[in-house]
Amino acid sequence: MTSPAPESQLLTVAQMGAADRAAMAAGIPGSLLMDNAGKAVARAVMERFEPQAVEIYCGPGNNGGDGFVAARYLAGAGWPVRLWAMRRPADYRGDAADHAALWQGATQSLTDARPAEGALTVDALFGAGLDRPLEGKPAELLSSWERAGAKVIAVDVPSGLDGDNGQVLGDSACPAAVTVTFCRRKPGHLLLPGRRLCGEVVLADIGIPAAVVAEQAPSFFHNGPGLWGGALRWRDETSHKFAFGSLLIRGGEEMTGAGRLAARAALRVGSGLVTLAASAAALPLYALAGAAVILAPCDAPARWRELVGEPRRSAILVGPGNGLGPETREAAVAALESGRACLLDADAISVFAGQHEALAEARRGPLVITPHEGEFARLFPKLSGPRVERARAAAKLIGGVVVLKGSDSIIAAPDGRVAINDNAPPSLAVAGAGDVLSGLIGGLLAQGLDPFDAAGAGVWLHGAAAGTGSSGLMADDLPDRLPAVLAGLRRSGQGG
């Protein structure tokens with residue numbers, strides 16, 4: 001497990017509030033933090049748009065205070081500003097009151113607001129801490145901005161968005177062109193639909209020390225090289241294949257393409273040895289995976305257990321194309337009981353439908369599972385709620401890392417850590433892409449990476465490989481794009 005870079009850290013809404021309070025307790029005035037935040041909003045507007053009239057909408061709390069600051073800086077730079085607020089300036093409290101008093105322009109009541117067509121709009125109504133659906137005039141405004149084609153710059157998050165899970169509270173949330181947030185991003189900036197609603201996310205340093213952030217013990221992270229790059233292994237003149245692990249893959253009888261894709265991906269990501277075990281009748285098809293893949297005839301459970309137990313075996317992958325019969329469950333149990341790092345994907349997840357306890361009981365070593373939503377629901381039928389919370393709960397239940405796949409894949413560890421991935425393009429929605437992902441993670445596990453690092457790296461590399469091409473992507477293309485992605489990481493110093 002590597003130490004995450006600061007830019008990888010995410011703070012929950014509660015942690016951000018605690019960091020604000022801790023910074024003020026350490027002697028940093030809250031009015032200065034608010035001034036820095038509002039100035040960052042004004043700067044983001046001025047850097048992205050030509051001078052024009054700006055409409056600023058201020059809520060009743062600190063988010064509204066940020067809006068007053070932004071208004072002051074924009075007006076000072078010569079931009080025409082119209083400001084509407086949910087309170088009279090004299091009725092604000094705390095730091096927001098100080099900055100409302102500094103605003104020299106007119107303050108109009110929010111109830112009188114009539115957005116102009118296509119207006120440049122600063123949404124300073126409500127930040128990430130909102131925990132209820134919008135109603136009344138604020139809800140009406142959000143709808144009117146969208147109808148009017150407003151260019152929205154959101155302060156912290158678009159109003160109506162939950163900062164922790166990226167979900168819309170009720171029916172109201174207006175997409176922003178730009179969202180300016182402070183100190184650290186929040187999970188809701190990366191989780192869908194929040195990521196789509198936030199537009200471009202600008203992260204502003206407002207003066208909260210890194211030591212104060214560290215006190216919050218962040219457990220949510222943006223998945224990327226800053227999180228796991230130091231764990232990647234690179235070959236040098238002293239390297240030999242056995243130092244980079246041995247991955248065993250169980251191949252199915254009919255859907256042989258799944259195992260072949262996984263094997264190629266595992267080799268491309270650096271696994272020293274990759275062995276495909278399948279029936280003697282199916283081995284000629286598995287030979288198409290490439291001459292570097294070792295083929296092992298396996299026609300009986302006893303033979304599988306023998307292969308699993310070989311001394312140099314470092315990781316085992318069960319599931320891709322394996323089928324839903326009892327043989328797959330037996331093979332998965334044997335892998336789990338071996339004590340080796342184990343990855344269960346596809347059919348090896350579904351054969352434990354509704355019986356995650358049996359899966360957890362069989363586990364003797366490091367474990368990663370990679371379900372999509374359907375497989376997840378079959379394995380954990382009683383878990384409900386936002387995706388990120390379901391993934392965290394599932395990881396704790398099985399004592400292993402859960403990769404809940406999707407456009408915002410969530411990597412959850414049993415100790416509560418979560419990485420959120422945002423680089424998967426829509427082109428990955430093709431047959432076989434999941435098999436490539438399982439091979440990537442399996443190949444990294446074989447090299448000895450911690451399961452959380454292996455899962456995060458595999459998911460990111462998967463998206464990066466898909467992102468190097470245009471439409472028409474096939475899963476077969478992905479493994480051969482990996483060398484260029486890995487070389488880029490090494491050149492940039494982001495890996496190892």
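Guide: First, a term: helices (H or I, at least four residues) and strands (E, at least two) are DSSP runs, numbered from the N terminus. This is a predicted model, in which local features need pLDDT of at least 70 and side-chain atom pairs count only at pLDDT 80 or more, while totals for chains, interfaces and linings use all residues. Residues are numbered from 1 along each chain as its sequence is written, and side-chain values use heavy atoms, with hydrogens and water left out.

Visitor: Which helix gives the most to the lining of the second largest pocket?

Guide: A pocket, on a 1 Å grid over the protein atoms alone, is an open set of points where a 1.4 Å probe fits, with protein on both sides within 12 Å along at least five of seven lines; lining residues have an atom within 4 Å of a point. Helix 9 (256-268), helix 17 (433-446) and helix 18 (451-467) each supply at least two residues of this lining. The top contribution is 4 residues, from helix 17.

Visitor: Which helix supplies the largest share of the lining of the largest pocket?

Guide: The residues closest to the centre of that pocket, out of 28 in its lining, are D20, N62, N63, D66 and D156. Helices 1 (13-25), 2 (30-48), 3 (62-76) and 4 (94-102) each supply at least two lining residues. The largest share is 7 residues, and it comes from helix 1.

Visitor: How many residues apart in sequence are the parts that R82 and E55 tie together?

Guide: R82 and E55 form a salt bridge (a side-chain nitrogen of Lys or Arg within 4 Å of a carboxyl oxygen of Asp or Glu). R82 belongs to strand 3 (residues 81-85) and E55 to strand 2 (residues 54-58), so the pair joins parts whose separation in sequence is 27 residues.

Visitor: Is E55 buried or exposed?

Guide: Buried means under 20% relative accessible area, exposed over 50%, and partly exposed in between (1.4 Å probe, protein chains only). R82, at 39%, is partly exposed. For E55 the figure is 4%, so E55 is buried.

Visitor: Which residue forms a salt bridge with R305?

Guide: R305 is partly exposed at 40%. The closest N and O atoms of the pair are 3.8 Å apart, and the partner is E337.

Visitor: How many salt bridges does a search of the whole structure find?

Guide: Another of them pairs R417 with D415, with the closest N and O atoms 2.9 Å apart. A search of the whole structure gives a count of 17.
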